[in-house]
Structures are given as C-alpha cells and as structure tokens.
Amino acid sequence: MRVSTRSAYLNGLAAIQQLQASLDRTQRQISSGRRILTPSDDPIAASRSLELREALSRLQQFGRNSTVVTNRLSQEESALAAVNNVLQRVRELALQGSNATQSNESRKFIAIEMREHLGNLEQLANQKDGNGGYLFAGNLENTQPVSRMGSTFTYNGDQGQRFIQIGEGRQVADSDPGSAVFFQIRSGNGEFATAAAAANTGTGVIGASSVIDPTLYDQDEYTIRFADPDNYDVFDSSGGLVASGAYVSGDTIAFRGIEFTLAGEPAAADEFIASPSPFQDLFSMVQNLANALETSSNSPESRAAMANQVNAGIMNMDQALGHILDVRTQVGSRLAAIEDQVDSNGSFALAMQTALAEIEDLDYAEAISRLSAETTTLEAAQKSFVITQRLSLFNLL
Amino acid sequence: MPDLLNTSLTGMLAFQRALQMTSHNITNANTPGYSRQVAEFATRIGGGAGKTYVGGGTKISIIKRMYDQLLVEQLRNSATGQARFTALNSMAGRIDSLLADADTGLSTGLQSYFNTLQDVSNDPGSIPIRQALLGEADGIASSFRTLDDRLQTLDSETNDRIRLAVDDINRLAAGIADVNDEIAIAGVGAQPNDLLDRRDQLVLELSGLISVATTVQEDGAMNVFIGSGQSLVLGDGAQRLGVRADEFDPTRLSVAYEGASGSTPLDTSLSGGTLGGLLEYRTRILDPSRQSLGQTAVAFVQQLNEQHQSGMDLRGNLGGDLFSMAPPTILYSSGNGGSGTASAMVADLGAFTGADYILEFDGASYSLTRGDTGQSVALTGTGTALDPFVADGIEIQVGGAPAAGDRIMIRTGQDAAGSIQNAITDPRALAIAAPTRSLASNANLGDASISAPTIVDSSDPALLTSAVIAFTSPTTYSINGAGSFVYTDGDPIVVNGSSVVITGVPSTGDQFTIEANYGAAGDNSNALLMTNLQSKGALDGGAISINESYAQLVASVGGTAHQIQAGLEAQNVVYANAQDAVLAKSGVNLDEEAANLIRFQQAYQAAAQVVNVTKVLFDSLLNATAR
C-alpha cells in the first residue's frame, strides 16, 4: 500500500495521543486510588456504590443513635437502681416499725427517716438527663413530672415513650414515662387489696392474700362482716351474700377464687374489705406507711389498725419493688438488644465496606504494572515516530 | 520536418512543467484535502514518410488529480459519524463528571440531611440541633438547585453550540457555492484540480457538521442536500439554515431550513454531524437527566412535606411545608390562537414520570401526548377543579377559551429541582412531634393498654380535639360518651383522624384519652416517620426510593456516556481508516516526489544536452563551409 507522508505523520501522532490518554487515565486512577473516575467507567458499579454508601451512612447514624439510647437507658437504669435501694430501705424500716417492741416514739423516728426517703424518691423521679430534660416526664421533657400538693402526688408528664432507630426496621425506647414507672403500680397483692374498716373495734389483722383461682375471681369489691366474733359473712358490692363461715384466729378466709389470712379477735360488726387493686403511686405508698407509723397506738384496737395499715404498706412495697424490677428488666433487655444490634450493624457495615472496596477501589498492583507497560509503549511509539519522520530521500540529495 | 532543436525544446518545456508540478506537490504535502498531481507524458506527432517516420518530441498530455470518488464519499460519511459522536461524547462527558463529583453529587447531601434528622429525633427538644437540621435543609435545597443549574448551563451552552454549528454550515454552504461558480467559469471539461480539492475539503468540513448528500452537474458544479432532501447548495446558489425559538420555550433553539418557500423546522430530520449530535444530546441525555433529577426532587419534597404536615411543632401548630417547590411548568405554544390556560400538580408519585407532555385541543376535547416519545397518554376526568384530568400521576386543570389546534406543554419534572427552597427558618416550627397523644387513665382497673396514635388523616378538622374512649363493658366502648362499639383486642380504633390500638382486657369504666400533643418537646414520633422516607419506595409504583432514583440517574447517564465512548472509539477507527484510504490514493509521498525531482531533472538535463549536440552539429557544419 502506498503510504503518504501526511498519513504516516497523522497515524504516528494519533497513536501517541491515544497512549497518552490511557496513561493519563491510569495516572489519575493511581493518584485517586479509585477504579471508577466517572460513572461512565462502570455505570452499574457507580450506582451500586451510591446505594452502598447510603446504607453505610445509615449504619453509621444508627451507631450514633445507639450511643444516645445507651446513655439515656444507663441514666434511667442508675436512677431506678437508686429507687430500688430506697424502697428496700423503706421496706426494712416498715418491718422494723411493725415490730411489737417499738414504742410510739421510736416508730416516729422511723417515720421521720421514711419521709427523708420519700423526698429522695421524689428527687429521683424528677431527675434530669444530660440534655436538661426530665428523665421521667414522657415526652413533656420540659415539665417537672412529679409534684406534691399537700399529701397528694400528681404526675404532670405524659404517657409517651420516645423510640430511637438503631437498625433498619429496629426501634428501641430510650425511656419510660414516670406514669408507668412511679404512678401505675397495682397496690395490694397486684390483683386485689385488703383493708380493715376504720370503724373496727376488734383486733383482727389481715395477713397474706392471694388469688387462688383466677377463673372464679370477678374483680368485684367484697366486704367481710363479722356478725359475731366467731362468724363472718362475705357480701359482694351489690350486697348479695357470697359466703359465710366460722372464724378462728389465723384462719384463711376464701371465696370467689381469692383468699387471705386473718388473725386476732375481730369484734362483732367489724368489717374487712377486699377490692380490686387500683393504681397507686409509689410516693403515696411510702407516705401512707409513714403516716401509719406516726400514729400513736396505745390500745390493742389501734395497734391492730396500725398493723393492718403497715402490713398493707409492706405489701405495697413488695409490689413496688417488683414493679421497679420489671422496669429495670425491660431497660436491661433493651440495652442488651442495642448491643446485639450494634454488633450486627458492625458486621453489616464491614460487609458493605468490603463490597464498596471491591467496586470502587483500585487494584494497585494491576494499575502500576499497567502504568509501566503503558509508559514503555509510549516511549517506544515516540522513538519510532522520530525515527520514521527523520527518514527522507531529501536528506540524501 | 521535425528538427532536433525543437524536439529537445519540447522535452525541456515538458520537464520544466513536470518539475513545477512536483514542487507544487512537495509544497502541498501537508495541505488538508490536497490531492497529489501526476503528469502524463505523450509523444508529439512528428513528420516523415514511409519508413522514415520521426517523432516530434514530448508533451504533457494531462496533469491528473489522483482521486477516488468512492473513497472520498466514505470519508465524508465517516466524518459525519465521528463528529456526531464527538459532540455527544464531549457533552455527555460533562454530565458524567458532574454527577461523579462528590461535591455536586446529591447523594451525600441527602444522607447528611436524613442523618441530621435522626440527630433531631434523638434529642427533639434541642434548638441547636433543630437549627442544624435547617442548615442541612438549606444545603440539600441548594444541592438540588446547583446540580440543576449546572445542567441548565449545559442547556444554554448547547443552544450556543447549535447557533455556531448553523453559522458554520451557512458559511461552508456559501463557500461551496462560490467554488462551484469558479469551476463553472473554468469551463466545461476543464480540470481545475486545486478548485476541486478546495470544494471537496469544504464539503468534508460540512459533513462534519451535518449529514450531506451530493451530486455533480454537467458543468462540474456540485449540489449539496441535507436532512430529508432539502437542497443546501444548488450550483452557485446556497440556501440558509436558521435558528429559531422553540414553539413552547423561547429560550430553547431549534433548527429551521430557510428555503425559498419559507422556513420549515428541521430538528427531527437531522442526524449525524456536530449539529445532529448536539440535538440528539439534548433530547437523549440532557432533557431526561433534568427530568429524572426533577423526579427525585419532587419525590423528596412531596414526601417530606406530606409527613411534616402530619406533625406538630414546638408551638403546638401542625407542620407546614418543609420545602417549597414550583408546580409543573406550563408553556403555551407561540402558535396558539385561543386563550386556553392550564395548571398541573403532581398527585401520585408512584405514577409520576417527570416527562414533558403536550396537551392539545382539537376544538372539542383535549388529548395528551408525551413530549419525548410522542406517544399518546390516556386522560381521565374532565379537567375541572373538582374532576381534573389525570394522567401519569399528574392532575391537570384547564380553563379559558382555547382554539382548535392550540397546544400547551406541561413540563412536569424538568424545572422542579431548580425551584426547591427551604421553607422553614424557625427551628421551633419544625414539626417533630406527633400531633396527638394517647393516655390511659390512672383509675383504670383492667390490664388493657393503648398504643401511641398514628395519624391517618392530618386534615381532619377535629384532629386536635380531645376524645375519650370509655369502656362500658370489657367488650364494648363508647367514644366521648356516645355510641357503643364492639371492642376487639388489637383492632385499630380511629377517632378524629388518629388511629390507636388497644390491647389487653379492659375493665368496665376504664378510660383512654386521645388529645392534642401540646408541649411534647421530647416527642420524636414524626421525625422517625420522616427519616423512614429515606429508604421508602415512592416512585415507579412505590419501588424506587429517593436515593435509588438518584442512583438510577447516575447509572443511566453513566451507561449512555459509556455507550457513546465506545461508539466514538469505533467511529474514530472508521474515520482513520477512511482517511488512510483517501491519503493512500491522494496523499503526497515526499520520497516519491524526491525521486520524481531527480527523474525530471535528469530528463531536463538530457534534453538540454541535445541542444548542445545540435550546437556541435551546427558548428561542424559551419567549420566545414567556412574555409
């Protein structure tokens, strides 16, 4: 084929330019460490990498969120641990106070300490978190959750619970509202509460109570009335007679699926009441105990009345302790769930980073050997261009 | 009778001319479009009779232009293809690297916005964090606008390039017509080699701008046709191409043929060359990119706004728009005779395409076609406010008095991304909380619990009115003291636009309240729902999330750019081969010319030597007679 001088020149130059372009590309890949410089280099990988980056960024955010929830739950947990300790102490004090060896004075001292603890409990319930919001106010984080008007404790927060996203489709509550923690505690034995009527003149004291057959228990309010010190009748809330029995001190009185023990000597017309447990707040429970212990009791009847109240109070403390334990267990299981999620997020993130690296990152060994191959080729092309361009018959004329 | 001197003289003259031609070849070795010239020698007829016939010397019968019409046409075709891909590649490469750039890329902005939204939901009462979210909102709005702005810049640059290409075409057409004129002057049968080269070079340049077809007339003039057979050059006359404003959008240029019978639009019949490449780039890459970006923008803004409106801000008000965005752009054809108007809004993201649509009135009814494919789209509804036309997720309302044949363009996505603005500047106006909350009464004896409300109708006028669900028995309840409804454990109960779920066994007299969520600075319910939008499928029937939609744009532009690069590489090879073939036939080889130089010089010297011989012969004759 005939080769014109111009095409020899143009082709040589074009080859050199092409080699320079691919050398430039390799060089840019090496200096950026990226295999894909623009989406057109590998369109599928480019869009896949956008999706992976988004997922990774979400995982990182879930990591930050987990730290936030963990902090909050740890604060709640330590507050609840303190509440637990206080309640244990209150329960001990109540047991101590119920001892027959106590005098009116010593019981008063016990009551004074109990009121100290009541103040502590209030403070714990009104504790703030690290950001200045109340820990136990639900979503009304700027409202002090517990306030006392006279002898009444009021919850001012709401029942909302904040959830934080810690994984794809995984949310965890970062708090419990004060209503659930401190205010909605079932009193008595959790199902029903017993009390002696204030007008009782005997010395009957109620002991342990429980539901023995939930299918029979219908959550009505029952009154046990002593017709005479040895016989009693049980009436339901509409005055219907439910059961009757003969009484001996220490007997278990059972009807409609529930039972409780009664000791002492009730007088005729004395009444004992078993009603479905209402919600009661922790603070009133402690306050009632302190009130009971403070009452001077000099007669067997008034000692019996106090014993009934203190016994009910101790039962309440057991309920409260159990309730706080429930909440703490929930908090603990949330913390464990977060740890699990953080672990699984971590392994997800690792897998994604590996995938991302495979898609985006440059294989340096390959790139550098390509660079040296391209450099060699370019040098050869330049040399041969110079040599062929130098060839001319005119040089020999 | 031929004489020796004359014979040698013809040789000297011929070789001198051949040397001249060689020097012309040598000096034009690098002239683009030059075809080398070759002299053909022929004998001069001499005299004599019988068997003593003597020749009369030599002459150059023709100076031939080394040229192959087929090869030249191949070169023109490949130039048209190569220029088309070069234009496509350079413009598509710009979008490609624009999307690759992490600073202009949307993806990081979207991530950062949603991450900050999660930070807000971690501590919803914090004003500084809310402020940070507003900063991110400004950022993401500006990312959308910047990206769209860069694409718009590419659009107006395309306009400029189209104008330049049309100017070049007109200049080249006029040039070809002039050369045609000069060739005609040279006369029929003449071979004005250099003029022919010049004309071929002009046509080659022209075919780099636009696809052409040529024919040569008897008198040597060349006619050039473009598009679907419109004549650009006829003999010594050239027609012009013009640019004119698009029917709908005056800022967009289209190409028209300014023929003798008026101007006709050419856009669709142009293919190939720089001009064809530019027009193709605009409809095939740029417009769809802006529409796709707009689609992403609409999905982002509409979803967030909708969710935000279902929340409550720190002041106890329901949320407003988080971002503002212009509705689809309505453009009226410059040819409209009536006064018809239209307005449109995106009603259904799942069906929303972001494409351009053309609404046409035929005198009795409207019909809709897609701007890019020309496919007709079925319209439902009547176009009134109460019953708008609905098509592809768009609601269209029409009004005014259109005339038959009036056309309206609805740009549903193209301008969306450029119009996003952050609409909230007050951090307290961010609606992070749910508008309602639920409460269980402390006096409840049953063990039923109530869920937090979910909002099913944020536009319910009674949304913020308190409602009490009171159980009249463990299996029935009343709402606000009225009615008696059967309670089913776990079934949702909808009151005033809020939906709650009560689970467990309630006791008679148990009460649950749903009330306005005033003061709940710590509530993040609505923010949680908003963060979920990041990965929630919305577009394409609910299959494509915001980020996926952007990733699709990147993949589609990248894919097209990749194809174009491959196409350009192939075209470069085709062009180089065609050029090689033309140069092999027509190009000057300097070594060949050097050899010719020696050859003609020697021949000249030999002819000159004959003159010397003549002189010697004459001298000997003189010497013989001088005695």
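Q: What share of the 397 residues of chain A count as buried?
A: This is a predicted model, so read everything as computed from it. A residue is called buried if 20 or more other C-beta atoms lie within 10 Å of its own. On that count, 35% of chain A's 397 residues are buried.

Q: What do sequence separations say about the contacts in chain A?
A: Take the contacts with a separation of 6 or more: 68% of them in chain A join residues 24 or more positions apart. As for secondary structure, chain A has seven helices and 14 strands.

Q: Which residues touch the most other members of the largest nonpolar core?
A: The general idea: in soluble globular proteins, nonpolar side chains tend to be buried together. Here the largest core holds 201 residues, and the top spots go to Met114(A), Val286(A), Leu289(A), Ile169(B), Ile176(B) and Leu275(B). Helix α4 of chain B, residues 127-186, gives the largest share of this core, with 19 residues. Looking past neighbours within four places in sequence, Leu275(B) has contacts that include Ile162(B), Ile169(B) and Val255(B).

Q: How many residues of chain B are in contact with chain A?
A: Count each side separately: 58 residues of chain B meet 48 of chain A. On the chain B side, α9(B) supplies the largest share, 18 residues. By type, that side has 25 nonpolar, 26 polar and seven charged residues.

Methods: Residues are numbered from 1 along each chain as its sequence is written. Chains are lettered from A and ligands numbered from 1 in the order in which they are written. This is a predicted model: local features need pLDDT of at least 70, side-chain atom pairs count only at pLDDT 80 or more; totals for chains, interfaces and linings use all residues. Two residues are in contact if their C-beta atoms, placed from the backbone, lie within 7 Å. Helices (H or I, at least four residues) and strands (E, at least two) are DSSP runs, numbered from the N terminus. Ala, Val, Leu, Ile, Met, Phe, Trp, Tyr, Cys and Pro count as nonpolar, Asp, Glu, Lys and Arg as charged, and the others, Gly among them, as polar. A nonpolar core is a set of buried Ala, Val, Leu, Ile, Met, Phe, Trp, Tyr and Cys residues joined through C-beta atoms within 7 Å. A residue is buried if 20 or more other C-beta atoms lie within 10 Å of its own, exposed if 12 or fewer, and partly exposed in between; C-beta atoms are placed from the backbone.
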